Amino acid sequence: MPIVLVVSGRLTPGDVPRLCDELDELLYGSAATEAICDVGALADADLTAVEAVARLRLTARRAGCRMRLRGARRELLMLLELLGLGEVA
(Lines give C-alpha, C1' and ligand atoms only; values in the text may rest on other atoms or scores of the structure.)
Protein backbone atom coordinates (compact mmCIF):
# COMPACT_ATOMS: atom_id res chain seq x y z
CA MET A 1 0.00 0.00 0.00
CA PRO A 2 1.56 3.34 -1.02
CA ILE A 3 1.93 6.31 1.30
CA VAL A 4 0.06 9.42 0.13
CA LEU A 5 1.17 12.95 0.96
CA VAL A 6 -1.12 15.79 -0.08
CA VAL A 7 0.66 19.00 -1.03
CA SER A 8 -1.74 21.90 -1.41
CA GLY A 9 -2.02 25.66 -1.34
CA ARG A 10 0.72 28.17 -1.96
CA LEU A 11 4.17 26.90 -0.97
CA THR A 12 6.92 29.02 0.51
CA PRO A 13 10.55 27.95 0.77
CA GLY A 14 9.97 27.36 4.49
CA ASP A 15 7.31 24.76 3.71
CA VAL A 16 9.70 22.45 1.87
CA PRO A 17 11.58 21.08 4.92
CA ARG A 18 8.26 20.62 6.75
CA LEU A 19 6.86 18.58 3.85
CA CYS A 20 10.00 16.44 3.74
CA ASP A 21 9.75 15.82 7.49
CA GLU A 22 6.08 14.91 7.08
CA LEU A 23 6.86 12.41 4.32
CA ASP A 24 9.74 10.99 6.33
CA GLU A 25 7.41 10.44 9.31
CA LEU A 26 4.83 8.74 7.10
CA LEU A 27 7.44 6.41 5.64
CA TYR A 28 9.26 5.64 8.89
CA GLY A 29 8.47 2.11 9.97
CA SER A 30 6.10 1.49 7.08
CA ALA A 31 6.53 -1.26 4.55
CA ALA A 32 5.61 1.10 1.72
CA THR A 33 7.68 0.90 -1.45
CA GLU A 34 5.95 3.84 -3.09
CA ALA A 35 5.12 7.38 -2.04
CA ILE A 36 2.47 9.32 -3.91
CA CYS A 37 2.56 13.11 -3.72
CA ASP A 38 -0.85 14.48 -4.56
CA VAL A 39 -0.18 17.96 -5.95
CA GLY A 40 -3.58 18.50 -7.53
CA ALA A 41 -4.46 21.30 -5.09
CA LEU A 42 -1.13 23.09 -5.41
CA ALA A 43 -1.79 26.80 -6.01
CA ASP A 44 1.28 27.66 -8.10
CA ALA A 45 3.59 25.83 -10.44
CA ASP A 46 6.76 27.73 -9.56
CA LEU A 47 10.35 27.06 -8.53
CA THR A 48 9.32 26.47 -4.92
CA ALA A 49 6.98 23.71 -6.09
CA VAL A 50 9.81 22.22 -8.16
CA GLU A 51 12.14 22.34 -5.16
CA ALA A 52 9.49 20.64 -3.03
CA VAL A 53 8.98 17.87 -5.58
CA ALA A 54 12.72 17.30 -5.97
CA ARG A 55 13.39 17.20 -2.23
CA LEU A 56 10.36 14.99 -1.57
CA ARG A 57 11.70 12.59 -4.17
CA LEU A 58 15.07 12.50 -2.40
CA THR A 59 13.32 11.90 0.92
CA ALA A 60 11.39 8.98 -0.57
CA ARG A 61 14.51 7.51 -2.16
CA ARG A 62 16.42 7.68 1.11
CA ALA A 63 13.61 5.65 2.67
CA GLY A 64 13.85 3.07 -0.12
CA CYS A 65 10.70 4.20 -1.94
CA ARG A 66 9.98 5.49 -5.35
CA MET A 67 7.82 8.58 -5.70
CA ARG A 68 5.03 9.44 -8.13
CA LEU A 69 3.05 12.61 -8.59
CA ARG A 70 -0.72 12.58 -8.66
CA GLY A 71 -2.83 15.39 -10.08
CA ALA A 72 0.06 17.47 -11.40
CA ARG A 73 -1.08 20.27 -13.68
CA ARG A 74 0.48 20.78 -17.07
CA GLU A 75 2.42 23.86 -15.93
CA LEU A 76 4.21 21.94 -13.18
CA LEU A 77 5.00 19.03 -15.47
CA MET A 78 6.44 21.39 -18.08
CA LEU A 79 8.56 23.18 -15.48
CA LEU A 80 9.88 19.87 -14.13
CA GLU A 81 10.75 18.79 -17.67
CA LEU A 82 12.45 22.12 -18.44
CA LEU A 83 14.64 21.79 -15.35
CA GLY A 84 15.64 18.20 -16.11
CA LEU A 85 13.34 16.60 -13.52
CA GLY A 86 10.83 15.09 -15.93
CA GLU A 87 11.43 11.58 -14.57
CA VAL A 88 9.94 12.69 -11.25
CA ALA A 89 6.50 13.08 -12.80
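Author: Let us start with packing: two parts are in contact when they have heavy atoms within 4.5 Å of each other. The model here is predicted, so local features need pLDDT of at least 70 and side-chain atom pairs count only at pLDDT 80 or more, while totals for chains, interfaces and linings use all residues. Residues are numbered from 1 along each chain as its sequence is written, and side-chain values use heavy atoms, with hydrogens and water left out.

Reader: Thanks! In what order do the strands form the open sheet?

Author: Helices (H or I, at least four residues) and strands (E, at least two) are DSSP runs, numbered from the N terminus. Two strands pair if DSSP finds at least two bridges between them. Here three strands make an open sheet in the order E1-E2-E3, with parallel pairing. E1 and E3 (66-70) are the edge strands, each pairing on one side only. Averaged over neighbours and ignoring direction, the strands are turned by 20° against each other.

Reader: How many bridges hold each pair, and which residues stand opposite each other?

Author: Six bridges link E1 (residues 3-9) with E2 (residues 34-42), and Val4 faces Ile36 of E2. Five bridges pair E2 with E3, where Ile36 stands opposite Arg68.

Reader: Which residues of H1 are buried?

Author: Buried means under 20% relative accessible area, exposed over 50%, and partly exposed in between (1.4 Å probe, protein chains only). In H1, the buried residues are Asp15, Val16, Leu19, Cys20, Leu23 and Leu27. They sit on the same side of H1, because they cover an arc of only 135° around the axis; the arc is that of the directions from the helix axis to the C-beta atoms. As for partners, the buried residues of H1 pack against E1, E2 and H2.

Reader: What about H3, which residues are buried and which are exposed?

Author: In H3 (residues 74-82), Leu76, Leu79 and Leu80 are buried. Their arc is 100° seen down the axis, so they line one face of H3. Arg74, Glu81 and Leu82 are exposed on the other side. The cover over the buried residues of H3 includes E2, H2 and E3. Just after H3 comes Gly84, with a positive phi of about 80°.

Reader: Is Thr48 buried or exposed, and what does Thr48 touch?

Author: Thr48, in H2 (residues 47-62), counts as buried because its relative accessibility is 15%. Leaving out residues up to four places away in sequence, Thr48 touches Leu11, Thr12, Pro13 and Val16.

Reader: And where is Gly64, and is Gly64 buried or exposed?

Author: Gly64 belongs to the loop between H2 and E3. With a relative accessible area of 57%, Gly64 is exposed. Its C-alpha atom is 9.9 Å from that of Ala35, a residue 29 places away along the chain.

How values were computed: Axes fitted to C-alpha atoms, helices over the stretch in contact; angles between N-to-C directions.
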